[in-house]
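Dear colleague,

I am handing over the structure below, and my notes on what was found in it follow. Please read them with the coordinates open beside you.

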Amino acid sequence: MAIVAVWKCDRDGSMFDNKKDAEEHDKMLELAANITRLIEQRIDGIDEQASEKIGLMLARNRETLVKACKGKPELLLEEGLIQEPEVAPQANMNTENDSDAVNNTAENNVTALAAAQ
């Protein structure tokens, strides 16, 4: 049996086979959480789930957004460039059921990483 090093993101339980990817994912989730908070503070009456989706979408697509802000706004409308959110921000990870789901996902990711070795 081989020993496989993995890095776990404590914000959502995602597992990575290298530190760089784990840190990048963690930074993306931090940006998403901050965007979500900003939206909720500035837009009265917005649904929490909608603001989380918006925050995640903007954070996942930060490179495309930067290019759009620098003079290429058409990039935002090109099909396939915008990634849809797949994981919930940290705020959704507080319930017991979510914790179990994270643990199951983490275990599956470790198994998949080990199988890939």
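**Nonpolar core and helices**

The largest nonpolar core has eight residues, namely Cys9, Phe16, Ala22, Met28, Leu29, Ala32, Leu56 and Ala59, where a nonpolar core is a set of buried Ala, Val, Leu, Ile, Met, Phe, Trp, Tyr and Cys residues joined through side-chain atoms within 4.5 Å, and buried means under 20% relative accessible area with a 1.4 Å probe, protein chains only. Two or more residues of this core are given by each of H1 and H2, and the largest share, four residues, comes from H1.

Residues are numbered from 1 along each chain as its sequence is written, and side-chain values use heavy atoms, with hydrogens and water left out.

The chain comes to four helices and two strands, taken as DSSP runs (helices H or I of at least four residues, strands E of at least two) and numbered from the N terminus, and the order of these elements is β-β-α-α-α-α. Of its 117 residues, 26% count as buried.

H1 has 24 residues and reaches 35 Å from its first C-alpha to its last, close to the 34 Å expected at 1.5 Å a residue, the expected span being 1.5 Å times one less than the number of residues. Its buried residues, among them His25, Ile35 and Ile39, pack against strand S1 (7-8), strand S2 (15-16), H2 and H3, with contact meaning heavy atoms within 4.5 Å.

In H2 (residues 48-60), the buried residues are Ser51, Glu52, Gly55, Leu56, Ala59 and Arg60. They lie on the same side of H2 because they cover an arc of only 160° around the axis, the arc being that of the directions from the helix axis to the C-beta atoms. These buried residues pack against helix H1 (19-42) and helix H3 (62-69).

As to confidence, the mean pLDDT of the chain is 77, and 70% of its residues reach 70 or more. Confidence is highest in H1, at a mean of 95, and lowest in helix H4 (residues 96-116), at 42; over residues 87-117 pLDDT stays under 50. Where pLDDT is low, the predicted coordinates should not be read in detail.

With best regards

Terms used. Predicted model: local features only at pLDDT ≥ 70, side-chain atom pairs only at ≥ 80, totals over all residues. Buried < 20%, exposed > 50% of the residue type's maximum accessible area, 1.4 Å probe, protein only. pLDDT = per-residue confidence, 0-100.
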